[in-house]
Amino acid sequence: MLFRDIIGQDETKRQLRMAVREGRVPHAQLFTGISGIGKLQLALAYAQYLNCPHRTDEDSCGTCPTCMQYQHLQHPDLHFVFPLPGAGDACDNYLEPWREILLNRRYFDLDDWYQTIGAENKQGLIPQSEAQEIIRKLSLKAYGEGYKVVVIWQPEKMNTVAANKLLKLLEEPPAETVFLLVSDTPEQLLSTILSRVQTIRVPRLDEATIAAGLEKEGIEPGKAKDIARIANGSYLSARKKAEAQETEQQELADFIALFRDAYTVGVLKDPQKKYESLKRLRQWSLDISAIGREKQKHFLQYAQQQVRENYIRNIGEEALNYQMDAERAFSAKFAPFIHNGNVELIMNQLDLAERQIEQNGNAKMIFFDLCLQMIVLIKKPKI
């Protein structure tokens with residue numbers, strides 16, 4: 001991976017290059033920030049730059065044998081660790097799809113990775129055996145004269161035993177070895193691990209950078225600008241919005257169904273309409289329980305975003321409102337029901353449901369309870 005192939009992040013690139021040129025290479029670094037801003041790409045470009053024997057002030061040479069191996073993700077001293085669908089799996093068994101998604105898609109998240117390996121309905125993890133495999137690989141003689149590099153994607157997915165083994169490695173790092181951790185949620189890591197890494201906070205991308213990247217992929221300039229405005233600084237989010245209109249339409253439909261029926265049950269007086277809406281909410285909870293945990297979490301994140309957008313619209317800050325046309329059309333009538341008396345409570349319930357799904361809770365119970373909570377909260381008065 002070359003620095004010049006990464007969208008934006010010029011300041012972070014500059015800092016990484018300067019650290020290498022000045023010989024300030026920490027044995028462990030943690031790239032953090034929201035999903036889809038290029039953290040993994042920066043880590044790979046940094047690793048290649050670190051080991052390129054002919055690097056310039058701006059980038060790796062891109063043509064030497066080391067660079068060619070790195071660009072194909074096949075250098076013998078480059079090792080990857082990432083979440084797996086089962087405790088008995090090994091990352092080496094998934095290197096082919098891992099290289100494919102990195103080389104062809106580049107920007108992706110856990111949901112994309114699980115879909116690639118056919119594990120949509122499983123909770124990935126990094127097991128103890130993978131930490132032991134890292135130790136074994138690092139005990140072998142280096143292939144070349146540069147650094148051995150271990151890239152750990154989503155290290156927060158390590159189980160407790162694996163995390164403690166990694167901590168031991170970070171406390172007593174092998175010579176000429178660099179650990180590059182790439183995390184969306186570093187707060188889930190052990191505090192002792194956080195204390196032993198140098199944190200690199202990768203910022204969100206600006207709208208102009210995202211729009212320019214979309215235009216290079218063939219998106220019409222006007223649409224690219226609109227998508228960039230609501231992408232919240234994530235190029236991955238922007239690409240997904242451009243690629244998955246059908247998915248977004250379904251999430252909006254689910255969001256509308258949840259709150260329309262919650263309003264009917266909680267506010268309207270007609271008992272027959274209340275009964276029918278309650279039945280629909282029950283069916284809604286069953287339907288959404290069947291779509292897979294990563295999609296459930298994505299919906300709950302989308303719902304939190306839409307609640308926030310409706311509240312912003314309700315308080316008259318439409319300049320800060322980031323919605324597509326169909327979302328704005330629903331918000332025209334719905335926004336008044338999201339106010340200072342219930343917005344925080346609704347957001348808390350959606351966040352709680354997301355965390356419970358993350359922890360492998362019973363999806364049917366979680367989503368039906370969410371329906372009941374929305375019935376109560378939608379009718380709360382303003383403060």
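The second largest pocket of this predicted model has a volume of about 300 Å³. Its lining is made up of 14 residues, and among these Q323, M324, D325, A326 and R328 are the ones that lie nearest the centre of the pocket. Two or more residues of the lining are contributed by each of the elements α10 (221–230), α12 (245–267) and α15 (325–334).

Helix α11, which spans residues 235–243, contains K240. The relative accessibility of K240 is 17%, and because this value falls under the 20% limit, the residue counts as buried. The side chain of K240 is joined to that of D109 by a polar contact of 2.7 Å.

With regard to the overall fold, the protein chain comprises 17 helices and 5 strands. Its radius of gyration is 23 Å, which is close to the 21 Å given by the globule rule for 383 residues, and the chain is therefore as compact as a globular protein of that length. Taken along the principal axes, the box filled by the C-alpha atoms of the protein chain is roughly 75 × 45 × 35 Å. Of the 383 residues in the protein chain, 50% are buried, and among contacts between residues at least 6 apart in sequence, 72% join residues that are at least 24 apart.

How values were computed. Residues are numbered from 1 along each chain as its sequence is written. This is a predicted model: local features need pLDDT of at least 70, side-chain atom pairs count only at pLDDT 80 or more; totals for chains, interfaces and linings use all residues. Side-chain values use heavy atoms; hydrogens and water are left out. On a 1 Å grid over the protein atoms alone, a cavity is a set of points where a 1.4 Å probe fits but cannot get out, and a pocket is an open set with protein on both sides within 12 Å along at least five of seven lines; lining residues have an atom within 4 Å of a point. Grid points are joined across faces, edges and corners, and a volume is the space filled by probe spheres set on the points. Helices (H or I, at least four residues) and strands (E, at least two) are DSSP runs, numbered from the N terminus. Buried means under 20% relative accessible area, exposed over 50%, partly exposed in between (1.4 Å probe, protein chains only). A polar contact is a pair of N or O atoms within 3.5 Å; within protein, one must be able to donate a hydrogen and the other to accept it, and residues adjacent in sequence count only if both atoms are side-chain atoms. The radius of gyration is taken over C-alpha atoms; the globule rule is 2.2 Å times the number of residues to the power 0.38. Contact means heavy atoms within 4.5 Å.
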